[in-house]
Amino acid sequence: MIPSVRIVEVGPRDGLQNEPQIVATDVKRALIHRLAGAGLKHIEATAFVSPKWVPQMADHAALMAMIGDIDGVNFPVLVPNFKGFEAAMASGAREVAVFASASEGFSQKNINCSIAESIDRFVPIFEAARAQNVRVRGYVSCVVACPYDGAIAPAKVADVAGLLFDAGCYEISLGDTIGVGTPASVRRMLEAVAGRVPVERLAGHYHDTYGMGVANAFASWEFGLTAFDSSVAGLGGCPYAEGASGNVATEDLVYLFEGLGVETGIDLPRLVDCAHWFSAKLGRGPHSRVAKALLAR
Ligand code: HMG
Ligand code: MG
């Protein structure tokens, strides 16, 4: 059997939440449709967070209505609390993602509560999701380091990942929010987390601030992970993590895995077209080496 990986495109959410310019809802819709056309089956569409905190995601309900259904494509959305969950359900979402942090400092800045309070807030979400047959994914941020608290102990990441997994998340996405990890520090973190959550339920969510995103994805794949988050054109960042740049580019991951003989189900030329088209809308080029190289050919 040919090995495969599952790529979760997070550009429309993680990418656009940090863009200084607000992208029009119909342009977001076109982006999502092009991503689906390139073969992405999991596209994190938006976040039902407070529009005061993240104005870039304020059009969440309108966007969900505009996207509609695309056969075989899953559109998870981020929810920070029960209010967000209810709004997500009303908009037709069938999968949500909750997000906690392995660092207290980031939890306070990002969602205005402690780690323990955030997990408590998710309890009614898990209950309602179970009753409505809605899948819940869990993020853990700052799995290597925090912009406020510095280095984070792998055991702390394992604790938070374990709590989310036990509470009902089908997958735990491990976020190197500020992109400082290297294959060595990511591996140390994975070794600890794998003692608490089965490796096949872990995903790598690596920001590319130091250009280590592809290396960290490769190290994680060698460790046994087969799910990875990425953003087309390397869009992204986090509004509450100063200096954090975008996610590793989806094009770069597809090129990596194709080179390893691992299937992604993604059409690289169409994805590269999408990266250039959307970057032009933002008035710049893609932050993806692969997208630049393939255009130049
Ligand atoms: P708060 O101010 O503590 O909340 O914010 P509150 O309950 O006191 O409510 C304040 C106001 O927000 C009220 O409105 C609420 O109704 C409203 P007002 O009475 O002032 O008019 N409100 C909401 N509105 C819409 N949707 C909601 C919602 N909840 C409350 N769901 C809160 C707490 C969690 C809401 C806020 O801090 C928040 O929205 N934070 C989100 C921050 C965010 O989106 N960060 C980026 C995503 S995480 C990330 O990027 C990391 C990740 O990529 C992984 C990685 O890379 O590490 C996932
Ligand atoms: Mg992120």
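**View 1. Helix α7 and the glycine after it.** Gly168 follows helix α7 and has a positive phi, near 135 degrees. Helices here are DSSP runs of H or I with at least four residues, strands are E runs of at least two, and both are numbered from the N terminus. The model is predicted: local features need pLDDT of at least 70, side-chain atom pairs count only at pLDDT 80 or more, and totals for chains, interfaces and linings use all residues. Residues are numbered from 1 along each chain as its sequence is written, while chains are lettered from A and ligands numbered from 1 in the order in which they are written.

Helix α7 covers residues 154-167. Its 14 residues should span 20 Å at 1.5 Å a residue, and the end C-alpha atoms are 20 Å apart, so the two agree. The expected span is 1.5 Å times one less than the number of residues. Buried residues of α7 are Pro154, Lys156, Val157, Ala158, Val160, Ala161, Leu163, Leu164 and Phe165. A residue is buried if 20 or more other C-beta atoms, placed from the backbone, lie within 10 Å of its own; 12 or fewer make it exposed, and in between it is partly exposed. The cover over these buried residues includes β5 (95-101), α6 (115-131), β6, β9 and α8.

**View 2. The surroundings of ligand 1.** Ligand 1 is surrounded by 28 residues. Val49, Gly84, Ser141, Gly175 and Thr177 are the closest. Two or more shell residues come from each of α4 (82-90), α5 (104-111) and β6 (135-141). Helix α4 gives the largest share, three residues. By class, the shell holds 14 nonpolar, 11 polar and three charged residues. Nonpolar means Ala, Val, Leu, Ile, Met, Phe, Trp, Tyr, Cys and Pro; charged means Asp, Glu, Lys and Arg; the others, Gly among them, are polar.

**View 3. Ala88 in helix α4.** Ala88 belongs to helix α4. Ala88 counts as buried because it has 28 C-beta neighbours inside 10 Å. Beyond neighbours within four places in sequence, Ala88 is in contact with Phe48, Val77, Val79, Ala93 and Val96. Contact means that the two C-beta atoms, placed from the backbone, lie within 7 Å. One of these partners, Val77, is 11 residues from Ala88 in sequence and 7.3 Å away in space, C-alpha to C-alpha.

**View 4. Strand β10 between two pairings.** Strand β10 spans residues 202-206. Five of its five residues are buried. Leu202, Gly204 and Tyr206 are buried on one side, Ala203 and His205 on the other. Strand β9 (residues 171-176) pairs with β10 in the parallel sense over five bridges. Pairing requires at least two DSSP bridges between the strands. Ile172 stands opposite Leu202. β9, helix α8 (residues 183-193) and β10 form a right-handed β-α-β unit. Right-handed means that, with the strands pointing away from the viewer, the path from the first strand over the helix to the second runs clockwise.

**View 5. Strand β11 and its partners.** Strand β11 (residues 227-230) is covered on both faces. Ala227 and Asp229 are buried on one side, Phe228 and Ser230 on the other. Strand β1 (residues 6-9) runs parallel to β11, joined by four bridges. Strand β10 is also parallel to β11, over two bridges. Phe228 is the bridge partner of Ile7 and of Gly204. Asp229 is the bridge partner of His205. β10, helix α9 (residues 213-223) and β11 make a right-handed β-α-β unit.

Key:
Near = placed C-beta within 6 Å.
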